[in-house]
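Here are some notes for your review. They take the metal site, then the domains and the contact between them.

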Amino acid sequence: MRILIVEDEPDMLRTLSQAMREEGHAVDEAVDGPEGLYKATEWDYDAIVLDGMLPEMDGFEVLRRIRLIKKTPVLMLTARAKVGDRIHGLDTGADDYLAKPVDLNELAARLRAVIRRSQGDASAIITIGDVQIDTSSRRATKAGAPIVLTGGEYPLLEFLALRRGKIVTRTDLYDHLYDENDTPMSNIVDVQISNLRKKFGAEFITTHRGQGYCIDA
Ligand code: CA
């Protein structure tokens, strides 16, 4: 999943970005309100982590402006003491909030939840035929047997599985699985789709010629 993190404190930004990359996300960064707003409106992120206190334009104003045009899930970071900030954030259209200091495991879990809910899934487990994907442990099984996935294959599988029944274009896959600093090989998605078919069966992912890929619901 591709995530935008908007945070002006360099150490905090680095910590959050690294932790979310370790979770398998592609991460873009912005260091102030205007840059965050620009990136949030320019790209379709799977989720945005937005600090409330930002220079030039605070996170609440960034969120208000994002919400005029986009429904991208937003998780706001707020000062622990400020209940008013959390209420303000939720009223402005935040999908969730987390108080600083941030617990990185909790942030990862809350992000997974807002991303799932944005795709209409409440449960962490996705079941498709005899395949089960556990989005919290990032593991998959087929007919009860664990399937070993590489760090590149899992995000692709999850992205398609969350959109099961819908055709996902190659452009969508490149846009959501790689961040602004990545230069993925042009055939990497085809290679990974081919690997996933070897692991889950040729029929598991269908190709819609000239349109994209689909996992049937
Ligand atoms: Ca800040």
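1. Donors are N, O and S atoms within 2.8 Å of the metal, or 3.2 Å for Na, K and Ca; water is not among the atoms, so sites may look incomplete. On that basis, the donor residues of the calcium ion follow the sequence spacing E-D-E-x41-D-x1-M. They are Glu 7 (OE), Asp 8 (OD), Glu 9 (OE), Asp 51 (OD) and Met 53 (O), at 2.0 to 3.2 Å.

2. This is a predicted model: local features need pLDDT of at least 70, side-chain atom pairs count only at pLDDT 80 or more, and totals for chains, interfaces and linings use all residues. Residues are numbered from 1 along each chain as its sequence is written, and side-chain values use heavy atoms, with hydrogens and water left out.

3. Asp 8 has a relative accessible area of 27%. For Glu 9 the value is 38%. Both are partly exposed, that is, between buried (under 20%) and exposed (over 50%), with a 1.4 Å probe and protein chains only.

4. The protein chain splits into domain 1 (2-118) and domain 2 (125-214). These bounds come from an automatic or database domain assignment. Their centres, taken over C-alpha atoms, lie 26 Å apart. Domain 1 puts 15 residues into the contact and domain 2 puts in 13 (heavy atoms within 4.5 Å).

5. Across the interface of domain 1 and domain 2 there are three salt bridges (a side-chain nitrogen of Lys or Arg within 4 Å of a carboxyl oxygen of Asp or Glu). Separately, the side chains of Asp 179 and Arg 21 form a salt bridge at 3.6 Å, N to O.
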